[in-house]
Structure formats: C-alpha cells, structure tokens
Amino acid sequence: MVVNEKVQLAITVASLVAATVLFAAEYRRRRRKPTSSPSSCYLHSETKPQFGFKRVLADNSYSGFKHLKKKKLEDGDKPSNSHPYESEITALLENPRLDEFEFLRGDYSLEMSDSYVWVETESELKKLAETLAKEKVFAVDTEQHSLRSFLGFTALIQISTQEEDFLVDTIALHDVMSILRPVFSNPDICKVFHGADNDVIWLQRDFHIYVVNMFDTAKACEVLAKPQRSLAYLLESVCGVSTNKLLQREDWRQRPLSEEMVRYARTDAHYLLYIADTMTAELRQLGTEDSSSTDDKFSFLLEASRRSNMTCLQLYTKETEDFPGNAAASSLIYRHLNGHEDNSTISLDPKFQELVRELCAWRDLMARIHDESTRYVLSDQAVIALASNHPSTPEEIHDSIAQADLASDSTPSAVICSHLDDVFQLTQHKLGKLDVILPLVLDKCLGTEGTCPISVFNYSLLINFNTKLTTNRSTPKRHKSLKRFTRKTSRDLFVKKFSCKAPVYHNCRIYANDGRLLCYCDRRKLEWYMSRGLAKLVEEDPLAIMLLFEPKGRPEDEGNDFYIQSKKNICVGCGEGDHYLRYRIIPSCYRVHFPEHLKSHRSHDIVLLCVDCHEVAHAAAERYKKEVAKEFGIPLFVRRVLDSVECESSAGGDSEDAGVSPLHLRTAAMALLRHGNRMPSSRREELLQTVKMYYGGRDITEEDLEKALLIGMSPHERRKLERKKGVSLKQENSSNDADANSFEEAPPGGDTNGESSVVGDDSGGDGAPELNDTQCNGNILHQQNSKLSLLGHGPHGKQVVEYLLNEYGEDGVRDFCQRWRKVFVDALHPRHLPGGWDVTHSGRRDFGEFSVYNPTKKVSTG
Ligand code: AMP
Ligand code: ZN
Ligand code: MN
C-alpha cells in the first residue's frame, strides 16, 4: 500500500469512530430483523468517553506500539522503534547543567489559591503551550482511567507553574495533545514530577509526548534516603499540607470533576516546585557536608537528576504473550493451586485448568474488542468460580459471577450480560479448541454480521488477528497475501458497515393529478400510495406515479424547488460517491420534539455525507449544541431528578440539593436489586440513601427500586429489561411513547425522497458520555417520558423545543432549523447540495388530507 493510501486509510478509520457511536443504533435496528441476534452488544446503547477519540496510538490489537519518528527515514535507514529523544536525554545525562536547578524565583507563596485554569479547547491548549514555552520549569502530574479501557488512558494532566495551576482535560483534547509535545521534549525546560515512571509511559502511549529534562522528587527522596518516598509524606513534611490519596482511585473520566477531585489533582502538582526547591537545597547541603572535595559538591544533586532522566529513557511497550490470556491464566492457576495445596480434587482436575485458560483467552479478546479492562470483563475470582462450579445454564453463569464479585456493583459486567450465550457455549465446550474459538469469537463480534461496534480501538484486531494465530503455519508469502486480503476486507467491511447499504435516492417521481411533478422519492413511499389505491402507476422505469387525490400544496406554491430536483447519491460536502452516510442537519434531540408536520420535510434536512465530512459536520453541531444550551439557559444534561409525586407533596422540593443524579440513582437501584441482601449493611444503607433522595426521603419498597431503575435508562435498555423479565414494565406515559413513534407508521420513506431507514432512533441520546450527570446546572423535575434517556441530550432537546413553541410558535422552530442549516453550511461549505436546497427552507409543505403529517388527520392504514 502506498503511503498516501495508508494515510488516507488511517484518516478514514479515525473518522469512523465518531460514526460508530452515531450509527450504532441504526445498525442494531437494521440487523434486528433478519438475524434477530440474541446478544445485542451493550456498546450499541452505551457510549464511553474514549469513543470520541479520533486517533489512538496504542490500539487494542496484538501488534506492537509504534513510537514517534522524529524524522523521515532516509533511503537505507533501518526502521527502528527506539526512543526518539534518546540522544537529547543521553546528552543531559552526560553533561548535566548545574544552573538548571532553580525551581523558584522571586516571591513565592506556598498557598494554593482558589483559582485555576481549566483547559479544554484547542485554543486554550495552544495558549498553555505558549505560556509553558516561556518557563524554565514547570510541574506535572497525570491521572489515568483504567477500569473501562483495555490499556487505560490519560484522563487529566495537571501542570503548575509558579503562578498558575492548569488542569488539562485530556479526554476533550485527546486528539490535539501533540500541541504540548515541544515543551515536554525541550531540554531547556525542566519538568518536575513526583514518581514519574507511570506518567512518562502514559504520555508516550496516549500522545507521543516524550519528557526530556526532568527532576523527579521521588528520586530525590531516594538519594536523600528519606524515611518515606510518597508524595503525601513530602506534602505533609515539607509543605504541611495533607492530601487524601484515596482520591487517586476516583473515576477521573467524570466531568465536571468534583471540587474535592479538583483540589486533589491540583495538590499533586501545585507544591512540586516548592518541594523540588527544598529538596535540591538539601541535596546541595548533603554534598557540602559529606564531601571534602569541592568537585563532588553537587554529586547528590547530580545523582538525583541522573536518576530522574533515566526514567525518561523508558519506553512504553504493549505486553505480548504467545497466546491471548496465557500469562493471566498461568498466574491465576498458579495462585489458585498454591492456595489449595490440601485440595487435591481441584489441582488434579485438568478440566479446571483448561477452562481457566479458555475463559482467560476469551476475556482477553472481549476486553480488546470492547475496550474494557480484563478485570472489568470478568474478574479473576469470577474465572475461578466459573471453572470450579461448572455452571450448566446461562442463569447459573450469571449467578456464579455475581456471587464471586459480591463487593462490586457492576457485576456481571455489561460485556458478560450482553454476551452471556457465548460464555455459556464456551463453558459447555461447544466451540472446540482454543485456537478455533478465538477467530470464531472475533468474527461473531466484528465480522460482517458482527454483534459489536467497530471502533479505532478494535479495528486493527481484524487486520492483525489472523496473522497472529497463523504465524507458525504459513509461509512468508502466504502471510503477505493473507495480510493484504484481511486488510482489504476489513476496510470494505468498515465502509459497508457504516455507510448506506443501497443508493439512498431512488429518484422515483410523484405527479399531481394534473400532471405536475410534485417530488422525487424512494420506491417504498411510492408503493405505499399504490397499495392504498391513492395513486396510479404512470411509468415503469424509472418509476413514476400520479396521485388520485388533490394534494393540498404544490412545491412551487412554497418556492420549494428542492423537492422536484432529482438527487445524486454522493457526499454533498465533497462529492465522494463511493460511500456515504446519512447526516441529520437538525440534531435528533430537538427534531423528535418538533410537531409532526414540521418533522415532515426530513429529506431537506437529511443529507448524504462521506465519513470525513460527516465528522466535521457532527463536531460543529456538538459545539453549537453547547451554545444553544448557554443561550437558552437549558443544560445539555439532567443534573438531578426527583420523583414528581413526592416532589409535589414536599414543599421545598426544588431546593438546590434535592434529588439525585439519574446515573447514581440507576446504579444504586441496580446494585440494591441485584445484591441488596448480600452486601455489607453500610454499603446497602449508603445506596438506599441515594434512592431515598429521589423519593423525597421516604422509606422505599422493592417496587420503588424497580421504578428507580428505569430512570436514566435509555428506551433501548428499558425494552431489553422488559424482554428479560418477560413482562411489560408499567410506564406512566406509555401513550406518549406510542405517539412519538407514530411516524414509523407513516409512508415508509417519510414525506419525500427516501428517508425510510432513518426513522427509529430518535431517542435523542446522541453521543452523551456516560459520566456527565452532574455536568450542568439546573434542577429539573423528572417527568417520566419513555422516549427520553435522562443520560443523553433528550431532555435538553425537549425543553428547548417547548420553549421555542411557547415563545415563538412554529416560526420559532423554523428559525431554529435555519440556524442549524447555517451551522452545517458554515462548517462544511458543501459544494454538492442539490439545487433548491436552502438555508431558509420553510418546511411548510404537506400533501393535504391524506398525509400522515397533517396535524388534524391521521390516515387510516386499514
Ligand atoms: P496519582 O498521581 O498518585 O494521583 O496517581 C495517578 C494515577 O495512578 C491515578 O489516576 C490512578 O489511575 C493510578 N493509581 C495510582 N495509585 C492507584 C491505586 N492505589 N489504585 C488504583 N489506581 C491508582
Ligand atoms: Zn459486544
Ligand atoms: Mn495525581
């Protein structure tokens, strides 16, 4: 593959991540019909912050990590994967610069003020890079998240100069973090860390950031032979500051960070310059006391500096093993047998060991596919439990795992729950030998008919997997062609999976009974009119029909030329014709709440885009949503919910601290329902408090718990739960639900040009990261609406549209649509919009009395 193609492929792959999240729901819906797969992957309804990353340097495939290449390879250069700044660091080791150890200048106040800088946009990051470039020294610490990610990712970087504390949101800025590369590799700027071993590696893994010139206060501790080396100890003994290290285990993905977490994070970097200053003085002091020769005066200091810079020479590598999960299985078996020395039945059981190996291999692959840690997928103790208990039904598997992980809320994991059948087959030995099982699992999850979404994290598993398992058998030549083959298929598969399956526009025509062209549309819509005797066929190829009733409006009456243009099956942005996705110009979180007849001009506001243009447009829309939230004062996420009944009855119900976040409510209810009677009573009490908060403080029943569980669930999850329970859970507003779905019974294809397959996923949960329940202000009373997920943007969309309708009526909504079209045009400057497409499109248009969009009439479909 030529380099250009490679780059293009990389970019395409990267852009498709966004599409993964966006379109997953649609594929689920499409797939449901033909195969009715029993295990629909949880990732179709759950989105994780890292799915927003466009590029990942360390993906979850079994291939090695590629380090930054500083310069292009010349002809004859051997490709290497060495440290890109090896020579710079070695130079520092050989010629340490003694003038460097000046960590503070002028007046310095040890105190941590109330203000800090939160860095979350590219321009803010650039400003930070400029600021840092002027410094001689700055302090750094990082926080990473590891439970819900295979390799872990940096969730926050704290940087402190003498003047300011910066908190860099490395989730929001993941793809542009290279902006900080130069300051970190600049040997003229000393970076102060405490215990940098992990930080150095994580910065390489996530951002190709390499630290050159470091002073590590933990290394200074070593050299000074301090009684303890922890930062907590130094903070206490040097600065008189205490810190709660328990916070290092917090979920650092959450936004906004709690006050406590912000304080903790700042504390980890803020005092480092002062500590470094104090410690270098001690190191110097030690030099003068201990040595008679003045040449050795700085030797302690130099030793600390040398050890620090040695840390920088470390290189991130992905762990490799000869077979997936092998290392984990061996150590598990070893540990287990050691703990069971007297228990000969277990140690002699070869089935036990075999099953442990199979479960570990399966867990390893599943963790990579779903980008989860192996311990999240299936804990070690759960592996042991499954291998020893020989559960014989999926239910027994479920219970075995729950029993083994008593202390944890999130068990069995979502991975297990949505792929329970696979675990079952595995434990029943129905799948054959291990090296057959893994390709099978991979194909089942990510193959053409795969159950799980493809992302930048698991995409290259497809490319590399076969070659890994067949390395021993195939000759190099076969190897190559196989590689080419998988590469091509996986790319094809990718585009196929995420782009439209067939030409979207069939360009069939509908004529009025006086012979005037009304619109172009797709075949299904045409058939809808035909099957109801509302039209007659006037032409076979291309299909055209004539309506037998008088349509109320005509396109030319409204200036809606748009509908009588035939449309091309190409990206309206750049003209790409090989693949395209549908793009909704008006985000669905708003559109679902529009009055039916304003929804009807879908085809105008749904266009085709290639993956690259799609991404640009989507990003602009997400940005604009934030502006809308600000402008209307309607937060994007629901912060707290209260049961409406309880709330009315308790007077001060809407005070600031009433209610609970939907996510917390849901997790608490779930844990109580699942493990309530088995968990420690203190934990149980804590969770009960959370649920009680929702019910205004009163005592709660089992039924209340079940009701609480539904809060915050997506409609999809609710349906799944219903199916699982085999009963229909009562919904207060179930009529509402039917109403919101009613347009599914509209002519397939909607009002005009072929939008048949876009209906369905209008839940409005577009791309909400899972942990932003406290993100926005506003104490919203929760009205149970089964179409809305409280964890997405749905409630925001609903409120905005209600506000518009109340204040400005339908014109408000039309205006609002125009703003979105403008956002779209400004972001993309589309060059291939169909003639007649117009930012000021009125949307005033229907077919009169037979149209399902007619607000006063519903067509009888009987
Ligand atoms: P620190 O700089 O001490 O706050 O730790 C940095 C990161 O290391 C944290 O964000 C965690 O991801 C990880 N970490 C450190 N210590 C622990 C621990 N005891 N348990 C889990 N994670 C830890
Ligand atoms: Zn899955
Ligand atoms: Mn920290």
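What spacing do the donors of the zinc ion (ligand 2) follow along the chain? They follow C-x328-H-x48-H-x32-C. Before we zoom in, note that this is a predicted model, where local features need pLDDT of at least 70, side-chain atom pairs count only at pLDDT 80 or more, and totals for chains, interfaces and linings use all residues. Residues are numbered from 1 along each chain as its sequence is written, chains are lettered from A and ligands numbered from 1 in the order in which they are written, and side-chain values use heavy atoms, with hydrogens and water left out.

**Stop 1: the zinc site**

Select ligand 2, then Cys-41, His-370, His-419 and Cys-452: the zinc ion is coordinated by SG of Cys-41, NE2 of His-370, NE2 of His-419 and SG of Cys-452, at 2.0 to 2.2 Å. (Donors are N, O and S atoms within 2.8 Å of the metal, or 3.2 Å for Na, K and Ca; water is not among the atoms, so sites may look incomplete.) Why is the arrangement called tetrahedral? Because the 4 donor atoms subtend angles of 100 to 118 degrees, and four donors count as tetrahedral if all angles lie between 85 and 135 degrees.

Now check how buried things are: His-370 has a relative accessible area of 1% and is buried, and Cys-452, at 1% too, counts as buried. (Buried means under 20% relative accessible area, exposed over 50%, partly exposed in between, with a 1.4 Å probe and protein chains only.)

**Stop 2: ring pairs**

The structure holds 16 aromatic pairs. (Rings of Phe, Tyr and Trp, the last by its six-membered ring, pair if their centres lie within 6.5 Å; planes under 30 degrees apart count as stacked, over 60 as edge-to-face and the rest as tilted.) Select Phe-53 and Phe-153 to see an edge-to-face pair, 5.6 Å centre to centre with 90 degrees between the planes. Both Phe-53 and Phe-153 are buried.

Next, pick Tyr-108 and Tyr-274: this pair is stacked, 6.0 Å centre to centre with 15 degrees between the planes. Tyr-274 counts as partly exposed, at 25% relative accessibility.

**Stop 3: charges over rings**

Last, select Arg-148 with Tyr-376: the charged end of Arg-148 sits over the Tyr-376 ring, 4.0 Å from its centre. Arg-368 does likewise with Tyr-62, its charged end 3.8 Å from the ring centre. (A charge sits over a ring if NZ of Lys or CZ of Arg is within 6 Å of the ring centre and within 35 degrees of the ring normal.)

Definitions and conventions. Four donors count as tetrahedral if all angles lie between 85 and 135 degrees; four count as square planar and six as octahedral if opposite donors are over 155 degrees apart and all others between 65 and 115; anything else is irregular.
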